[in-house]
Amino acid sequence: METKPSRPSSYLALAIISTIFCCLPTGIVSIVYAAKVNSLYTSGNYDEATKASKTAKTWGLISVGLGLLGIIIYIIIFGLAIFGSLASSGY
């Protein structure tokens, strides 16, 4: 009797949340790989399921990172605009 390795995490929740709140293109890539994990595991492709799981996690984290970078850039741009406006008005 052959023992199966444990099912790898699909990181589907991370993929969906990062798609909605962070970065759409990279989040979609994460969702695609997360959706492959269970079907690959069920068909017996354990190594490919593990690889898809790691790839889904990587793309999910990239999406979160890009979302945070976008927020930081947004704050910097509008912070400089507010600072420039206040400096030129004489306050």
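This is a predicted model: local features need pLDDT of at least 70, side-chain atom pairs count only at pLDDT 80 or more; totals for chains, interfaces and linings use all residues.
Figure 1. With a relative accessible area of 39%, Pro5 is partly exposed. Leaving aside residues up to four places away in sequence, Pro5 touches Tyr41 and Tyr46. Pro5 and Thr50 are separated by 45 residues in sequence, and their C-alpha atoms are 9.9 Å apart in space.

**Figure 2. Tyr11, a residue with a positive phi.** Most residues other than glycine have a negative phi. Tyr11 is not a glycine, yet its phi is positive, at about 55 degrees. The relative accessibility of Tyr11 is 28%, so this residue counts as partly exposed.

**Figure 3. The contact of helix H1 with helix H2.** Helix H1 spans residues 12-21 and helix H2 spans residues 24-42. Their axes come within 8 Å and cross at roughly 160 degrees. Angles over 145 degrees count as roughly antiparallel, and H1 and H2 are therefore roughly antiparallel to each other. The crossing in which H1 passes H2 is left-handed. On the H1 side, the contact involves Leu12, Ala15, Ile16, Ser18 and Thr19. These residues meet Leu24, Gly27, Ile28, Ser30, Ile31 and Ala34 of H2. By class, the residues of this contact comprise 7 nonpolar, 4 polar and no charged.

**Figure 4. The contact of helix H1 with helix H3.** Helix H3 covers residues 46-88, and its axis comes within 9 Å of that of H1. The two axes cross at roughly 25 degrees, which means that H1 is roughly parallel to H3. The crossing of H1 and H3 is left-handed. From H1, the residues Leu14, Ser18 and Thr19 make the contact. Their partners in H3 are Lys57, Gly60, Leu61, Ser63 and Val64. The contact of H1 with H3 divides into 3 nonpolar, 4 polar and 1 charged residues.

Figure 5. Apart from residues up to four places away in sequence, Ser18 touches Cys23, Gly27, Gly60, Ser63 and Val64. Among these, Gly27 belongs to the H2 side of the contact of H1 with H2. Gly60, Ser63 and Val64 belong to the H3 side of the contact of H1 with H3.

**Figure 6. Val64 in helix H3.** Val64 is located in helix H3. This residue is partly exposed, with a relative accessible area of 27%. Which residues does Val64 touch, not counting those up to four places away in sequence? They are Leu14, Ser18 and Cys22. Val64 and Ser6 are 58 residues apart along the chain, and a distance of 27 Å separates their C-alpha atoms.

**Figure 7. The contact of helix H2 with helix H3.** The axes of H2 and H3 come within 8 Å and cross at roughly 160 degrees. H2 is therefore roughly antiparallel to H3. The crossing of H2 and H3 is left-handed. From H2, the contact is made by Thr26, Gly27, Val29, Ser30, Tyr33, Ala34, Lys36, Val37, Leu40 and Tyr41. From H3, it is made by Tyr46, Glu48, Ala49, Ala52, Ser53, Thr55, Ala56, Trp59, Gly60, Ile62, Ser63 and Leu66. By class, the contact of H2 with H3 has 13 nonpolar, 7 polar and 2 charged residues. Tyr41 and Tyr46, which take part in this contact, are also the residues that Pro5 touches when those up to four places away in sequence are not counted.

**Figure 8. The aromatic pair of Tyr74 and Phe78.** The count of aromatic pairs comes to 2. In one of them, the ring centres of Tyr74 and Phe78 are 4.6 Å apart. Their planes stand at 50 degrees, so the pair is tilted. Tyr74 is exposed, with a relative accessible area of 54%, whereas Phe78, at 44% relative accessibility, counts as partly exposed.

Note on methods: Residues are numbered from 1 along each chain as its sequence is written. Side-chain values use heavy atoms; hydrogens and water are left out. Axes are lines fitted to C-alpha atoms, for helices over the stretch in contact, and angles run from 0 to 180 degrees between N-to-C directions. Helices (H or I, at least four residues) and strands (E, at least two) are DSSP runs, numbered from the N terminus. Angles under 35 degrees count as roughly parallel, over 145 as roughly antiparallel, 65 to 115 as roughly perpendicular and the rest as oblique. A crossing is left-handed if the near helix is turned anticlockwise from the far one by less than a right angle, and right-handed if clockwise. Contact means heavy atoms within 4.5 Å. Ala, Val, Leu, Ile, Met, Phe, Trp, Tyr, Cys and Pro count as nonpolar, Asp, Glu, Lys and Arg as charged, and the others, Gly among them, as polar. Rings of Phe, Tyr and Trp (its six-membered ring) pair if their centres lie within 6.5 Å; planes under 30 degrees apart count as stacked, over 60 as edge-to-face and the rest as tilted. Buried means under 20% relative accessible area, exposed over 50%, partly exposed in between (1.4 Å probe, protein chains only).
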